[in-house]
Amino acid sequence: MIKEVKTLIGIIMCIISGAAMSVQGVFNTRLTEQTGLIESNFIVQSIALVVAAISLFWAKQGFSGVLTVNKLYLCGGLLSMVITLTVVLGIKNLTPAIAISIILVSQLAAAALIDAFGLFGSEKAVFGIRKILGLATMIAGIVIFSYKK
């Protein structure tokens with residue numbers, strides 16, 4: 001019973017996350033149209049910093065783990081900037097639906113490789129023909145979805 005509840009919560013959180021990423025991408029693109037790419041990224045990241053700082057009031061673990069964590073994992077902040085910039089440019093040059101579709105396939109492919117090789121401390125998972133066919137089907141779907149008559 002508890003496992004099913006955790007699974008359901010995980011699914012709900014992923015749905016919220018995916019929807020938020022799509023909306024954020026469009027918001028950031030519209031902000032960029034008025035301010036510029038680097039300026040909008042600075043604004044977005046600054047707001048995230050303020051919200052994260054406020055959230056520290058409810059934090060329980062503290063920062064002591066930063067001293068022992070693999071320093072490579074601290075690059076998440078750098079990747080956040082890369083993600084924001086590339087999503088904006090993708091949406092600007094495509095449509096939101098096509099851009100997000102390509103982003104999702106890219107995320108899935110990268111996650112599958114992380115699983116397959118057990119990268120970054122992840123547990124290894126088999127990357128078999130079903131996963132390859134799944135990715136290929138998604139790519140075909142994007143091609144069909146973006147086909148213009």
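Q: What share of the contacts between residues at least 6 apart in sequence join residues at least 24 apart?
A: The share is 57%, where contact means heavy atoms within 4.5 Å. This is a predicted model, in which local features need pLDDT of at least 70 and side-chain atom pairs count only at pLDDT 80 or more, while totals for chains, interfaces and linings use all residues. Residues are numbered from 1 along each chain as its sequence is written, and side-chain values use heavy atoms, with hydrogens and water left out.

Q: And how many helices and strands are there?
A: The chain has five helices and zero strands, counted as DSSP runs (H or I of at least four residues for helices, E of at least two for strands) and numbered from the N terminus.

Q: How do α1 and α3 lie to each other?
A: The axes of α1, residues 2–35, and α3, residues 76–93, come within 9 Å and cross at roughly 80°. The two helices are therefore roughly perpendicular to each other, a label for angles of 65 to 115 degrees.

Q: Which residues make that contact?
A: From α1 they are Gly25, Val26, Asn28, Thr29 and Thr32, and from α3 they are Thr84, Val87, Val88, Ile91 and Lys92.

Q: Switching topic, how much of the chain is buried?
A: Of the 149 residues, 13% are buried, meaning under 20% relative accessible area with a 1.4 Å probe, protein chains only.

Q: What box do the C-alpha atoms fill?
A: Taken along the principal axes, the box is roughly 55 × 45 × 30 Å.

Key: Axes fitted to C-alpha atoms, helices over the stretch in contact; angles between N-to-C directions. Parallel < 35°, antiparallel > 145°, perpendicular 65-115°, else oblique. Buried < 20%, exposed > 50% of the residue type's maximum accessible area, 1.4 Å probe, protein only.
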